[in-house]
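Colleague: I've got a model open and would like a walk through its features. Could you give me the general idea each time, then the case here?

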Amino acid sequence: MTLSYPGGPLTGHLRLTGSKSIANRALLIRALTPGGFEIDGLAAADDTVRLQQLLESDEEVLDCGPAGTTYRFLTGYLCRRRGTQILTGSARMKERPIGILVDALRSLGADIEYAEKEGYPPLRIGYSALDRSDRVSIAADTSSQYISSLLMLAPTLPTGLKLTLEGEIVSLPYIKMTLALMQHFGVHHHWEGQTIVINPQYYQARSFTVEADWSAASYYYSLAALAESADLKIDGLFAESLQGDAVVQQLYEEFGVTTTFTETGVRLQKAAGTPPPPLFEHNFVECPDIAQTLMGTCAGLGVQGLYSGLQTLFIKETDRVKAMKTELAKVGVSLYKIPPHMTEKTGVRYFAQEGRADFAGGTPRFATYHDHRMAMALAPLALLHPVEVEHPEVVNKSYPDFYRDLQTIGLTTKEA
Ligand SMILES: O=C(O)C1=C[C@@H](OP(=O)(O)O)[C@@H](O)[C@H](O)C1
Ligand SMILES: C=C(OP(=O)(O)O)C(=O)O
């Protein structure tokens, strides 16, 4: 698909898709709630639709496709569902590690076997009471999804759970999101140092509306930053959010994009003539899903990037740093790891980005690596020059209406 923009101020009004992360938690909690409840604004995201279908399915093989959150949440959930199921996924899912969660569940008494390769999906999961212990320690430095999976299950266990998080905690806002949603459905917790304590409790049925997706909003911030001037209205986003990615509001202030909350959502504005910053520096450990967006923005504006907290990106839908490095190189922008000896004293791994997207070679053709965020993070460059996106349908994973919404604000899409 070729994306382009006729030029001029970027304006428009749209209603943003619901948060996949919140929708998936609401679905899982609903499955654990006696009597269930209604969920409003369920994301149309493929990953959410899939979780909903799999929770209702009594087939022996459950296929999560590329949906990581879906896979990790179901791994915990299925341990306490009657019968034995094979939980599988796409070729990429079979490369995304699951051993940390499996070990934690096994220490509680779970009946889980690796169906192919040790440490990776697919899994054969049988029923167990999960009553061997009331406590478990888990490495928190790889994926918060393992922790969320255990937390949501915790109040339904015979003796509850004391879950100790070991080492650096990545994606902490997603853990807090899980706990906040559990709280909404009547389940209490408390922290004792690095340990989250959850006693046996019942989830309470409550009405629930899914917030719009701040990760998806990041692409509009990027578009606004790349536009000469912008005035966009995006409905469904609110100041009080459970999502860590709401931090895009602050991050894009550096690029001259301001956020005003209205009764129905936000208004993003950028005044003509706002100069970009010379350098953008950020640690993405709490907001990994918007790292690619910022890389795209910096590339378009020729802003130097200094990034840390990218250590979880290599086990997501693709190795995201590697993929961005390859794609940005097509427009002359370099992304590279700062040699460890130069930053040894800080104990932090940094990546640097340099260069301004150069379209002298014509329309770049961006590959998307089965990763929705590759397509969506590179799409805003279309404000500067037409760009071609391979396999544009990858966006369906979290945001099926992405291109329709881009059209609403004046971008043009042409099928290849
Ligand atoms: O719990 C969630 O909804 C998510 C947690 C994050 O994953 P990690 O905890 O693996 O970083 C994030 O990248 C993913 O898109 C959604
Ligand atoms: C990492 C993501 O998803 P998941 O881990 O659920 O596949 C994402 O949506 O960026």
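**Ligand shells and domains**

Modeller: Let's begin with ligand 1, which is surrounded by Ser 21, Thr 69, Ser 143, Ser 144, Gln 145, Ser 148, Val 170, Ser 171, Tyr 174, Pro 288, Asp 289 and Thr 312. A residue counts as near a molecule if its C-beta atom, placed from the backbone, lies within 6 Å of it. Bear in mind that this is a predicted model: local features need pLDDT of at least 70, side-chain atom pairs count only at pLDDT 80 or more, and totals for chains, interfaces and linings use all residues. Residues are numbered from 1 along each chain as its sequence is written, while chains are lettered from A and ligands numbered from 1 in the order in which they are written.

Colleague: How do the residues of the shell around ligand 1 divide into nonpolar, polar and charged?

Modeller: The classes go like this: Ala, Val, Leu, Ile, Met, Phe, Trp, Tyr, Cys and Pro are nonpolar, Asp, Glu, Lys and Arg are charged, and the others, Gly among them, are polar. For ligand 1 that gives three nonpolar, eight polar and one charged. Helix H5 (residues 144–153) supplies the largest share of this shell, three residues. Helices (H or I, at least four residues) and strands (E, at least two) are DSSP runs, numbered from the N terminus.

Colleague: Where does ligand 1 lie relative to domain 1 and domain 2?

Modeller: Domain bounds come from an automatic or database domain assignment. Here that assignment gives domain 1 (2–18 + 211–414) and domain 2 (20–209). Both domains give residues to the shell around ligand 1, so it lies between them. The domain centres, taken over C-alpha atoms, are separated by 29 Å. Their contact takes 20 residues from domain 1 and 24 residues from domain 2, where being in contact asks for C-beta atoms, placed from the backbone, within 7 Å.

Colleague: And which residues are around ligand 2?

Modeller: Asp 47, Ala 67, Gly 68, Thr 69, Asp 289, Lys 316, Glu 317, Arg 373 and Ser 398. By class, the shell around ligand 2 has one nonpolar, three polar and five charged residues. Domain 1 and domain 2 each give at least three residues to the shell around ligand 2.

Colleague: Let's turn to the overall fold. How many helices and strands does the protein have?

Modeller: There are 13 helices and 22 strands. The radius of gyration is taken over C-alpha atoms, and the globule rule is 2.2 Å times the number of residues to the power 0.38. The protein's value is 22 Å, close to the 22 Å from the rule for 416 residues, so it is as compact as a globular protein of that length.

Colleague: What share of the 416 residues is buried?

Modeller: A residue is buried if 20 or more other C-beta atoms lie within 10 Å of its own, exposed if 12 or fewer, and partly exposed in between, with C-beta atoms placed from the backbone. Buried residues make up 49% here. After H9 comes Gly 302, with a positive phi near 70°.

Colleague: Which residues touch the most other members of the largest nonpolar core?

Modeller: A nonpolar core is a set of buried Ala, Val, Leu, Ile, Met, Phe, Trp, Tyr and Cys residues joined through C-beta atoms within 7 Å. In the largest one, with 134 residues, the answer is Leu 151 and Ala 224. Helix H7 (residues 214–226) gives the most to this core, ten residues.

Colleague: Last one: what should I look for in the backbone?

Modeller: Most residues other than glycine have a negative phi, and most peptide bonds are trans. Here the peptide bond from Pro 121 to Pro 122 is cis, with omega near 0°. Leu 130, not a glycine, has a positive phi of about 50°, and Tyr 369 has a positive phi near 55°. Leu 130 is buried, with 25 other C-beta atoms within 10 Å, and Tyr 369 is buried with 22.

How values were computed:
Two residues are in contact if their C-beta atoms, placed from the backbone, lie within 7 Å.
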